[in-house]
Amino acid sequence: MSANPFAAQREQLEDLCKRRFFYRPAFEIYGGTAGFWTYGPPGCAVKNNLIALWRKHFVIEEALMEIEDTNIMPHPVLKASGHVDRFSDFMVKDTKNPNLFYRADKLLEDHMEALMAAKGTTPEQREEYEKVKNMADGYSREELHGVLLKYAVKSPDTKNDLSEPYEFNLMFPTPIGPSGMMQGYLRPETAQGIFLNYPFCYEQNGGQMPFGVAQIGKAFRNEIAPRQGLLRQREFTQAEIEFFCKPGDKPHPKFAAVADLELRLFSSPQQLAAQPPSHRALGDAVGERLIANETLGYFIGRTFLLARRAGIRAEHIRFRQHLPTEMAHYACDCWDMEVEMSYGWVECVGIADRSAYDLTSHAGATGKELNAREKLETPITEEGFVLAKKASALIGKDFKAQAKPINAALAALASDALAALAAKAQADGSAEIEIDGGEKVSLTAAHLDGKVEAKTVHERVYVPNVVEPSFGIDRLLTAIYEHSYYVREGGAGDDEDKGKGSAVRAVLRLTPEVAPYKCVICPLDGRVAGAYGPVLERLRQRFAALGVQYKVDETSATVGKRYARNDELGIPFGVTVDFDTLDAKHALHDTVTLRERDSTEQLRLPVGEVADAISKVCFGSLDWAGLCAAYPTQDQAKAGSSAAGGDSISFLKAHQVEKLLNAAVNDAVDKRPADPIKFIAEQLLALPRIG
C-alpha cells in the first residue's frame with residue numbers, strides 16, 4: 001500500500017488551523033462538545049468564498065433556481081421521505097462499559113485498515129480485507145454482526161467484546177409549539193425542502209423541463225462517534241441540487257462539454273473484486289452505461305471541475321460507485337466523489353439518480369399532484385388499464401386514512417404495471433403495493449378491479465426523475481486545507497529571511513477565489529505606518545469598490561515576518577508601502593511593492609493600479625505571468641530609479657509611457673489576439689499623445 005501523502009502533516013495543519021482560528025471546537029471555554037465547531041474570521045471567509053464559488057459554478061453557470069427552506073421539519077414530512085423509519089446507522093457498545101459505543105461500519109473499516117497494514121499480511125489476505133472494507137457500509141445488521149465476530153473486532157478503548165449491532169436514528173427530535181405535542185426534527189438534509197416546493201418552482205420555470213433547484217444551508221445529524229475534525233460533525237453545511245428531468249435516457253444538452261474529461265472511476269465490480277480504480281473518459285463511461293445517463297455524468301464532470309477550481313488536487317480525486325448492497329432501493333445509480341486526505345479516502349460529494357422516489361412519496365402522503373405535463377404536438381389514441389370507480393371507493397372504505405397514499409401510489413404506476421398488479425391479485429387473491437415511508441399494503445382483486453380502455457391523449461403526465469448532487473461543504477474545506485498546506489524553507493525569496501536556513505514556515509497555497517483575503521497591506525515599518533494614511537485610504541477605497549477582500553497588518557514585526565504570518569493564512573498577495581512610495585521627489589513615488597505568495601516574486605506597481613491588477617488575477621482575467629510581463633520587478637524598478645539619478649524613470653512617467661504600455665498589455669491579455677505584439681503596437685498608435 002502506498003503511503004498517505006497527507007498523514008505526516010496533519011498535526012501541523014491542525015495546529016495552524018486552531019492557532020490562526022480558522023476553526024476551533026465550539027463551546028471550548030466550557031470544555032467543548034464533540035461534533036460541533038466554530039469558524040473563526042479567516043475560516044469563515046474561506047467557507048463563504050467556497051460557497052460563493054459553488055453558487056457561481058452551479059447556480060449562475062447552470063441557470064439554477066435557489067430556495068431557502070426551514071431547518072425544522074414536522075414529523076409527517078420526514079415520515080413520508082423515509083427518514084423516520086430508515087435514517088439510521090448501526091451502533092455497537094462495549095459489553096462491559098455501556099458508556100462506550102461506536103459506529104459499527106467505521107469500526108470495521110478501521111480494523112480492516114489495521115489488518116492490511118500489519119506485518120506479514122499476504123497479498124491474498126490484503127485482497128480479502130480490502131473487499132470487507134469496501135462492503136462495510138453495505139452489510140445488513142446480521143451480516144455485520146457475523147463479520148465483526150469473524151475478524152474478532154473488539155472495543156478499541158478496552159479490548160472488550162462488542163454488543164450485536166443495532167439501529168440508531170440520526171435525527172435530532174424537537175417539539176414544535178408550546179404544548180410540545182407536535183413532533184418535529186432538525187432537518188437531516190436540505191433536499192426535502194426542495195421536493196416540497198417542486199410545484200412552485202415548476203411553475204416559476206414556466207412548466208418547462210428540465211430544470212434544477214439548489215439550496216445551501218445547515219443540516220443536522222446526531223452522529224454516533226463524531227471525529228476527524230470537520231469531517232464528521234453533528235451540525236454541518238450542505239449544498240444540494242435537485243435536477244428535475246423527464247424519465248428515460250436523461251440526455252443533457254451540455255454533456256459534450258465534459259465528455260472528454262479523464263476521471264478516476266472506481267466501479268462497483270472493481271470494488272467487489274478488490275481491483276484498483278481505472279482512468280476513463282467520462283463520455284466513454286456514459287456510452288458504455290457504466291454511468292447510467294448523461295445527466296448524471298454531466299454533474300459528475302462539473303463536480304470534478306469545481307473541486308479542481310477550489311484547489312483540490314486532481315490526482316487525489318476519485319469517483320466511487322455505490323455497491324448494490326448500499327444503493328437505495330429507489331436509486332438508479334450513485335457515485336461519490338472521494339478525496340484522499342490524511343484520514344484516507346473521504347466522501348465529499350454524492351451524485352445520485354434518485355428516480356421519482358421523493359416526489360412520489362410526498363404526493364402519496366399529501367394527495368397533492370407533483371407531476372409534470374408535456375403537451376403532444378399531435379394527439380394520440382392509446383389503450384391503458386384503468387381502475388373502476390367502485391375499486392377506488394372500496395379502497396376508501398376499507399383503508400380509510402391510508403386510502404389517499406394508496407390511491408396516489410396506484411396513480412403513479414404506469415398502465416402496464418397497474419395491469420400486472422391487478423392480474424397478480426386476480427391470480428393469487430392479493431397483491432402488495434408500497435406506499436410512502438416504505439410501508440407495504442395488501443390489496444385484493446376487488447381493490448384492483450378495472451379494464452383496458454382506449455382514450456385520446458393530448459399530453460403526457462409523468463412524475464419527474466431527479467439527479468441530485470449533494471456537497472458537504474465542510475468536508476470540501478478540509479480537503480482544500482490539506483491539499484494546499486506545505487512547509488517551505490525560510491528565506492525563499494524574501495530578503496529579510498535569507499541566511500536563516502534552519503527556519504521553516506507553513507504556507508496555505510489557497511487559490512485566490514477561496515483565500516480569506518486577497519491581499520494584505522503592510523507599511524514597511526512604524527515610520528511609514530505613521531505617514532501612509534492617504535495612500536492606505538486610496539487602497540482601501542479601490543479594494544472596496546472592486547469587492548476585493550483585504551486586511552491591514554501594521555504590527556511591529558519585520559515585513560518578512562509579516563509576510564510569513566500572512567502566508568499561513570493563505571493570502572496570495574502582499575502590498576507593501578515604503579519610503580519611496582511617500583517621497584514625492586523619488587522616481588518610485590506613488591508606487592508600491594506587490595509580492596506573490598507562492599513564488600515570493602515582487603513587482604513594482606503604481607498605487608492607482610495595484611488593486612485592479614490584484615482583482616484581475618484573483619478573478620481570472622489575468623494571471624501572474626501576465627502581470628510580470630506588464631510591470632517591472634522590485635529589483636528592476638530600484639535599479640531604474642538609481643540609474644542617472646532616476647532621470648529615465650522621471651522622463652517615462654512624465655509621458656505616461658508606463659501607464660499606456662500597461663493598459664495595452666492588459667488589453668492584449670484580456671482579448672488573446674493571434675499576434676499580441678502587433679495588437680499592442682496598434683493599441684499604442686491609437687492612444688492620444690502627451691505633449
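**View 1. Tyr30 out in the open.** At 75% relative accessibility, Tyr30 counts as exposed (exposed is over 50% relative accessible area, buried under 20%, partly exposed in between, with a 1.4 Å probe and protein chains only). Keep in mind that this is a predicted model, where local features need pLDDT of at least 70 and side-chain atom pairs pLDDT 80 or more, while totals for chains, interfaces and linings use all residues. Numbering runs from 1 along each chain as its sequence is written, and side-chain values use heavy atoms, with hydrogens and water left out. Tyr30 sits in the loop between β1 (23-25) and β2 (37-39) (strands are DSSP E runs of at least two residues, helices H or I runs of at least four, numbered from the N terminus).

**View 2. Asn134 tucked away.** Where does Asn134 sit? Look in helix α6, residues 123-135. Asn134 counts as buried because its relative accessibility is 13%. Leaving aside residues up to four places away in sequence, Asn134 touches Phe266, Gln271 and Leu323 (a contact is heavy atoms within 4.5 Å).

**View 3. The setting for both close-ups.** Zoom out and the protein shows 27 helices and 28 strands. Its C-alpha atoms fill a box of roughly 105 × 70 × 60 Å along the principal axes. Of its 691 residues, 48% count as buried. Among contacts in the protein with a separation of 6 or more, 68% join residues 24 or more positions apart.
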